[in-house]
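I opened my notebook and went through this structure place by place. Here is what I looked up.

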Amino acid sequence: MKLPISKPYLMSGVLLLLLVWPFLWGGDNAYALYIACLIGIYTILCLGLNITIGYTGLLDLGFMAFYAIGAYTAAILSIHGVSFWLTLPVCVLVGGGVRYLLGLPVLKLRGDYLAIVTLAFGEIVRLVANNTVGLTNGPKGLPRVGEKISEIRLFGWSLNDTIHFYYLILAFVLLAVLVSHRLEHSRLGRAFVAIREDELAAELSGIHVARVKSVAFVISGMFGALAGAIYAHWIGFVSPEMFTFWESVFLVAMIVVGGMGNIGGVVLGVILLVGVPEILRSTLGAKFVDYRMLVFGVVMVAVIIFRPQGLIPSKRRSLELHTPEAE
Amino acid sequence: MKKIITMVCVLAWFGLGGCAQDKPAVKLALVVPLTGDVAAMGQGMKRGMEIAVEEANAAKLFGDTPVEMVPFDDRADPKEAVSAANRIISDKRILGVIGHLNSGCSIPSSSIYAKRNLVMISPASTNPKLTLQGLKNVFRVCPTDDLQGYFAADYAAKVLKVSRIAVIHDKTAYGQGLAESFKKHAAEIKLTVVSYDGIDLGDKDFKALLTTIKTKSPQLIYFGGMYTEGGLLTKQAKELGLTVPHFSGEGIYSPEYIKIAGKASEGDYATMMGVALEKLPEAKAFVEKFKLKYPGVDMQSYDTYTYEATNLLLAAIFQAKQDPSQIVGKVAGMKYDGILGQTSFDANGDTLNKTICIYQVKDGKFKYLE
């Protein structure tokens, strides 16, 4: 596909649109802003998951665990008055650290087995959060009665409105996109893809498979924890029911629908999967509200039937897929 | 070709979003899980509200302006709940919110409603934190868990005259809350809690746990949780020869409990909040209307609370002459006589209606005791 304008112009156009977008709505539409923020959070999560599933081909069905770890770490630190700007790197390090430890035994597994173990880890994290009452306040969630997650302060202002969070999340999404993009085109990124395509061949070409896999795993865990930390500060409440297995599956679905291994595709998948249920909320009306998730499922099935490689497939991947229909 | 079809479909979705029609109406939002694991509870709440709205319209409460219920689905997922909450506050004609079911959804959403000072009445969220956030717009018609556990412990000691009790809970905010308050008050009135255990939601076999409990020879088993696990617990306990009665909160007050446990449920006790439905004529009328409108459908735990909350909210809107800025104040000052007895709120927004009644299973039905 050839674009009518050159890529840098297109990118700056999109960026400009994102910056002024809240004002186009009149700055009053809390709902639209909330959905935009939610899309932003999911974008960070999916870009992180994309590093393992999309680039390296490691199927991870428990990614929400790292989102939860980030959110809980942030909530616990923040309740004790630690500033957001200090909390954030700690969360990212904790997320990455746990991910590294998980990777030590788990990365020896391949394919379906890895998926099952990560799935189990996701459940374990949720159950630990539910049962260690002393640390996480169990099912009642954090903060406890009388405690508060401290506000984010930046150059003397405190961020407390959705619009502030919109810009904060936008900044982190841009950072995540940038990191993903640079990573994809780096030596390391190519090593990821080589492992996805053929582990044995990659090893023979001089790639340290175990180490590279571990790096991919850790970086994606850091993305997850980052998203969790921002979410905890934004919503101001964390409870175990936010991190169910369904959420992890939802993330994988976003990547698959959008296009594995392609940043644009991942973003589109997030917009579609977060957006469609919300659009359905307004369109289905009172009578069909019960069927919202059913219609959502039908839309997803339709996408998979019409475009099995995702809406925007990865360039490298589309070269491998031999579909009769030309792109 | 396929591309064009996809494009048309996507455009149609977006296009449909624009054509919502507007008529003057008193709009009330209902936000409960209409799909997902606890959908049965949410659907029951929707039925309770439907009856209240229908009655208001039949009585022409606001003259020719109809009352309209706008249901939202939060899937018991906090993210969906906050998203629905934001959707609600961007519709300026919604005058009040009934919801949510789960405390995990109610707490983050309540601060969203507070931005527009939109009144929110929860019929079912029992986490004490909800009303202790300092938000003026938040109310609930169900009391916190502390009260029921306290009352149950008292009843066990004074009326049932037992002294050795085993406590089990389902590790949810609701079940554990009940069990904790029961245990706390039991210690105060010198009852012996012989064991205190948590089970996991969705488990089916509790025989290992019950066998251990049996060795401690309790005279009563107190369970904090819902009917599915509660029913299985009482059934399996009696199969093991542990024939002591079980005692729970309103979470087991559902015909499902008796269906699951069968004969084993005979003699089990449950606490319910509010005045017994059998005692008040208004409540009898509600039960009959429910049977007429939804034949063959069993009432769930929170249907009556939702009906009550809706009526209370409508009364407040009526008193405030539909002026959005007045409604919160009117709800706070309300003394409402309904099917749960008289409901009014303390400074935090918690109900002052602290009547509790006890039911016992007799001949396959919950019978009112006192």
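**Entry: Asn137 of chain A.** I found Asn137(A) in the loop between H6 and E1 of chain A. I noted its phi near 60°, a positive value in a residue other than glycine. Most residues other than glycine have a negative phi.

Entry: I moved on to Pro143(A), in the loop between helix H6 (133–136) and strand E1 (152–154) of chain A. The peptide bond from Leu142(A) to Pro143(A) is cis. I wrote down its omega, near -10°. Most peptide bonds are trans.

**Entry: Leu102 of chain A.** I located Leu102(A) in helix H4 (residues 84–106) of chain A. Its relative accessibility is 11%, so it counts as buried. Which residues does Leu102(A) contact, leaving aside neighbours within four places in sequence? I listed Phe66(A), Phe121(A) and Phe217(A). I also looked up Val128(A), 26 residues away from Leu102(A) along the chain. Their C-alpha atoms are separated by 15 Å.

**Entry: confidence in chain B.** I turned to chain B and read its mean pLDDT as 86. Of its residues, 94% reach 70 or more. Where in chain B is confidence lowest? I found it in helix H1 (residues 2–17) of chain B, with a mean of 50. Confidence is highest in strand E4 (residues 119–122) of chain B, at 95. Over residues 14–21 of chain B, pLDDT stays under 50. For that stretch the model has three contacts beyond four places in sequence. Where pLDDT is low, the predicted coordinates should not be read in detail.

**Entry: the sheet in chain B.** I traced seven strands that form an open sheet in chain B. The order is E7-E6-E8-E9-E10-E13-E14, and the pairing is mixed. Strand E7 (192–198) and strand E14 (365–368) of chain B stand at the edges. Each has a single partner strand, so one side of each is left without a neighbour in the sheet. The twist averages 25° from one strand to the next. I then followed strand E9 (residues 246–248) and strand E10 (residues 269–273) of chain B, which run parallel and are joined by two bridges. Ser248(B) has Ala270(B) in E10(B) as its bridge partner. I saw helix H6 (residues 173–188) of chain B lying across E6, E7 and E8 of chain B. This helix runs at about 160° to E6(B).

**Entry: cysteines.** How many disulfides are there over all chains? I got zero. The nearest cysteine sulfur to that of Cys142(B) belongs to Cys105(B), 14 Å away. Cys142(B) is buried, at 1% relative accessible area. The sulfur of Cys357(B) is 15 Å from its closest cysteine sulfur, in Cys142(B), which is too far for a bond. Cys357(B) counts as buried too, at 4% relative accessibility.

**Entry: domains of chain B.** The domain assignment gives domain 1 (22–142 + 282–343) and domain 2 (146–267). Their centres, taken over C-alpha atoms, are separated by 31 Å. The contact takes nine residues from domain 1 and eleven residues from domain 2.

Definitions and conventions: Residues are numbered from 1 along each chain as its sequence is written. Chains are lettered from A and ligands numbered from 1 in the order in which they are written. This is a predicted model: local features need pLDDT of at least 70, side-chain atom pairs count only at pLDDT 80 or more; totals for chains, interfaces and linings use all residues. Side-chain values use heavy atoms; hydrogens and water are left out. pLDDT is the predictor's confidence in each residue, from 0 to 100. Helices (H or I, at least four residues) and strands (E, at least two) are DSSP runs, numbered from the N terminus. Contact means heavy atoms within 4.5 Å. Two strands pair if DSSP finds at least two bridges between them. Axes are lines fitted to C-alpha atoms, for helices over the stretch in contact, and angles run from 0 to 180 degrees between N-to-C directions. A disulfide is a pair of cysteine sulfur atoms within 2.5 Å. Buried means under 20% relative accessible area, exposed over 50%, partly exposed in between (1.4 Å probe, protein chains only). Domain bounds come from an automatic or database domain assignment.
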